[in-house]
Each structure stands twice: as C-alpha cells, then as structure tokens.
Amino acid sequence: MVSLKHESLHAGIVDPEMDSMRILSETALRFPDALSFSSGAPYDGNHDLTNLSFYIDRYIKHLRDSGMPEQRITRLLFQYGPVNGFIQDEVALMLKRDENIDVPAEAIMITHGFQEAALVALRGLFSSPDDVLLAVSPAYVGIRGAARMLGITVRGITEGPDGMDPEDVAAAARAVRAEGKRAVALYVVPDFSNPSGTVLPLQARERLLEVAAEEDLIILEDNPYGLFARDGESKPTLKSLDTDQRVAYLGSFAKSAFPGARLGYLVADQPVTDATGSTRTLAQVLSKAKAMFTVGSSTLSQAAIGGILVENDYDLRSATRELAAVYIERLDATLAALAEHFPPERSAEHGVRWNTPRGGFFLTITVPFTADLAAMERSARDYGVSWAPMNMFYIDGGGDREIRLGFSNLTPEAIREGIARLARFIGETPRD
Ligand SMILES: Cc1ncc(COP(=O)(O)O)c(C=O)c1O
C-alpha cells in the first residue's frame with residue numbers, strides 16, 4: 001500500500017496557512033448553531049431556483065434574437081467552447097456602463113471566478129524565480145494562496161485607514177530592485193477591501209498609476225465590492241483612469257450575481273507582440289494558461305450570467321441598487337451594535353476598537369487578547385458567534401489581536417444578537 005508523507009507534497013499544500021480559504025468557507029458549516037460573521041457570503045434572501053432557468057433561457061433567446069442559427073446555439077452550450085469564453089461582448093458592454101471601462105471583447109477572458117483570473121494572470125506575468133508580487137497587506141487570502149501555489153514570492157505593503165500609500169509601493173519596488181529582483185505586479189482592492197473595508201482616495205488612485213508607470217508595474221485591480229457603495233460615493237476604478245494599459249482588472253460575479261456560478265473575468269488589454277511581429281492582447285495570449293488550468297469556463301454559468309446581463313441591459317450597478325441598500329443597512333447595524341456594546345468613551349476599559357468603512361462586506365475590530373483560530377472556535381462553540389481571525393490575511397505576519405467581521409449574510413436582527421454574543425465572548429476572555 002502506498003503511504004505518502006504530507007511533508008513530501010508541494011509547499012502550498014504543506015503550509016498550514018494555505019488552509020485559510022477552506023476554513024473561512026467552512027466555518028459556518030462546522031458551527032451551524034453559531035451566528036456567522038466568518039465569511040463574505042453574499043445575501044441569499046433573493047436566491048430563487050426559478051431564476052436559474054429563466055436567465056439561461058433569457059440568454060438563449062438573446063442568441064436567437066441576434067440571428068444565431070439553432071444548431072450553433074446548441075453547440076455553443078453543449079460542446080467544449082472557446083477557451084476565453086463566449087460572453088465577452090456582454091461583459092464589455094457591462095464594463096462600459098457600470099465602470100466606464102472601455103475595452104474590446106478580445107481584451108476579456110471569462111474565468112472560473114476571480115480565483116482563476118488571478119492564477120492565469122500570475123502564471124503569465126511571472127516568469128523568473130526573482131519576480132516578486134507586491135500586495136496590500138492585509139489581503140484577501142485568494143491572492144496569497146494563488147501566488148503560493150505557483151511558487152511566486154509576495155511582499156506585503158501595509159495599508160493604513162485609507163488603504164495603501166502609493167509612496168510605500170514605490171519604496172517597496174525599489175527595495176526589491178536593490179536586491180537584484182524585479183517587482184512585476186501589484187495586487188490591490190481599491191474599493192471596500194477584504195478584509196479591512198478600506199477605500200483608496202481618488203488622489204491615491206491617480207498617484208498609484210503614476211508609481212506603476214515609474215516602477216514598471218502591472219496593477220492587478222480586484223473589484224468585487226465596488227458596486228456596493230452608498231449613492232454618490234462611488235470612485236472611478238483604477239482601470240477606468242488607466243490611460244496606458246498599466247492595469248489588469250480582475251472581476252467576479254460572485255457578489256454582483258451569485259458565487260455558485262463560479263464566474264469572473266480578466267480584463268487584460270495590454271498588447272503582446274511575438275517573435276513574428278504579430279500583436280494580440282494579453283488576455284488572448286494568456287488563453288494558453290487558462291486552457292491548461294480549466295479549459296473553457298462552464299457554458300451553463302456563462303449562459304446564466306449572460307442572461308442576467310442581457311435582462312438588466314448590461315447595467316449591474318442599477319440592478320444591484322436594492323442589494324447595495326441591504327448591505328449598507330447591515331453595515332450600519334453592525335456599527336451601531338458595536339457602539340452600543342463597546343461605548344467609545346469607555347474604550348480604555350473594554351479595550352475594543354474598530355474601523356468604520358462606508359460600504360462593502362467587512363470591518364475589523366481590535367481586541368485586548370490574541371484572536372487566533374483557537375479563540376474563534378471557542379467563540380463559536382461556547383458563545384454561538386463565529387468570525388475570522390485577521391492574522392490569516394497578513395502577508396508577513398501581524399493582526400494577532402484583530403478580528404474580521406463579515407456582516408453580508410446576517411439580518412440586522414441577527415447582527416444585533418451576534419454582536420451581543422461577541423461582546424460576552426470578548427468580556428469574558430482574559431487579556432494577554
Ligand atoms: C477581495 C476578493 N476578491 C475576489 C473575491 C471573489 O472571488 P471569486 O470570484 O473567486 O469567488 C472575493 C470573495 O470573497 C474577495 O473578497
């Protein structure tokens with residue numbers, strides 16, 4: 001009988017830190033009786049089974065209306081499809097309407113979520129062991145995990161209350177160069193980051209683009225939460241401000257449509273010229289990587305998301321206004337409950353502080369004890385409330401006394417009860 005040693009497997013499998021994505025998605029299942037602030041699962045109150053077939057039918061009708069012959073439609077949905085997908089035209093229209101991002105369909109690759117877009121972009125852009133990825137820290141676990149699985153070194157750039165400082169990015173790129181290495185790309189979530197909920201101010205966005213040009217960096221802009229701003233508070237994406245194709249934009253339909261579709265996209269309009277002198281977009285060239293990871297993306301998911309786009313006239317920003325209001329109500333309920341249980345004027349006594357994002361799915365709390373996985377499990381088991389330890393998100397360590405609260409899939413009532421439970425847990429946990 002074969003018996004494999006765990007330590008003999010790839011570092012990405014052996015490293016316990018790489019379990020964070022699974023832990024975050026499975027905590028709610030492991031502690032079914034606890035109120036879960038542990039994930040960024042979207043609100044599921046409007047998920048309706050009849051919608052699935054409706055949207056797929058809507059997309060098929062759209063193809064018929066466009067004059068596509070029946071046999072071709074059948075082939076498109078049942079057969080292996082084009083590797084880069086078949087709803088790029090619809091996504092291009094959506095990007096123009098929602099974000100004022102103007103790119104041709106051939107600059108878009110439809111992927112299995114943000115996660116595959118990140119894997120494909122990293123695989124293509126990082127060619128030498130000396131290539132380094134700069135990433136905001138703390139960061140979404142998916143980017144560090146994708147880099148680790150590909151053996152890519154990541155350097156963290158610590159963010160402040162307004163996200164990362166572009167001058168820190170420039171300094172980090174120079175420091176990497178001084179070591180004889182090359183900073184190739186920068187990962188950032190400018191709108192309502194995960195885990196902190198920070199938003200990069202407009203001036204910093206403009207400066208970040210200048211720094212990217214000065215330091216020859218590609219910016220990997222990840223934007224799953226940008227639609228969920230308060231009215232009138234949306235900021236232009238880096239990609240919409242990008243005049244010299246510095247930005248590759250990684251999109252996801254997980255929060256704007258539904259995560260089970262596992263659908264996202266990579267916008268990579270950078271021209272790539274080969275040895276014969278012919279030029280294609282980076283998205284077209286990276287098709288080779290996508291083909292070897294997953295071949296094409298699910299045709300059913302593309303049809304369902306395509307149907308949602310067509311039905312909403314390619315305007316997901318308008319289509320998600322009610323949803324955005326749901327999330328903002330939940331954020332406000334979380335902030336109000338925190339202020340009630342931890343009065344700011346008594347912060348010296350209770351030792352609890354938190355940030356106050358303007359939107360998104362997450363906020364972070366600082367507590368006066370080590371808030372690791374063991375503490376979270378005690379909180380879930382004995383107090384009926386789960387959350388995410390922030391140390392999972394820091395690139396180079398840190399966040400040991402910080403908690404991420406994801407409030408997106410709890411009603412305001414459940415949020416009030418959950419924060420009351422959290423207050424009991426925090427009040428009864430000895431300081432260390
Ligand atoms: C920062 C960030 N990027 C991307 C995603 C979505 O990724 P995917 O499309 O792979 O579900 C999430 C979801 O939690 C996220 O928080």
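With which side chain does the side chain of Ser38 make a polar contact? Before I answer, let me say that what we are looking at is a predicted model. The partner is Ser36, whose side chain is in polar contact with the side chain of Ser38 at 2.7 Å. As for where this is, Ser38 has its place in the loop between strand E1, residues 35-36, and helix H3, residues 49-65. Ser38 has a relative accessible area of 1%, and because buried means under 20% relative accessible area, Ser38 counts as buried.

Let me go on to helix H3 itself, where we find Thr50. Is Thr50 buried or exposed? With a relative accessible area of 54%, Thr50 is exposed, since the cut-off for that word is over 50%. The side chain of Thr50 makes a polar contact of its own, with the side chain of Asp48, at 2.8 Å. If you look along the chain from Thr50 to Leu410, the two are 360 residues apart in sequence, and their C-alpha atoms are 23 Å apart in space.

The next residue I would like to point out is Ile101, placed in the loop between helix H5 (88-99) and strand E2 (108-111). Ile101 has 2% relative accessibility and counts as buried. Between Ile101 and Met392, which are 291 residues apart along the chain, the C-alpha separation is 33 Å.

That brings me to the ligand, which sits in the largest pocket. Which residues come nearest to the ligand? Of the 13 residues around it, those are Phe114, Asn194, Asp222, Tyr225 and Ser252.

Turning to individual atoms, a nitrogen atom of the ligand is 2.6 Å from an N or O atom in the side chain of Asp222, while an oxygen atom of the ligand is 2.6 Å from an N or O atom in the side chain of Tyr225. Arg262 also takes part, with a polar side-chain atom that lies 2.8 Å from an oxygen atom of the ligand. As for how far the ligand is covered, taken alone it exposes 400 Å², and the protein buries 93% of that.

Definitions and conventions:
Residues numbered from 1 in each chain as written. Predicted model: local features only at pLDDT ≥ 70, side-chain atom pairs only at ≥ 80, totals over all residues. Heavy atoms only, no water. Near = heavy atom within 4 Å. Polar contact = N/O pair within 3.5 Å; in protein donor to acceptor, adjacent residues only side chain to side chain. Areas by Shrake-Rupley, 256 points an atom, 1.4 Å probe, with all protein chains shown as cover. 1 Å grid on protein atoms, 1.4 Å probe; cavity = no way out; pocket = protein on both sides within 12 Å on 5 of 7 lines; lining within 4 Å. Sits in = over half its atoms within 2 Å of the grid points. Helix = DSSP H or I, 4+ residues; strand = E, 2+ residues; numbered from the N terminus. Buried < 20%, exposed > 50% of the residue type's maximum accessible area, 1.4 Å probe, protein only.
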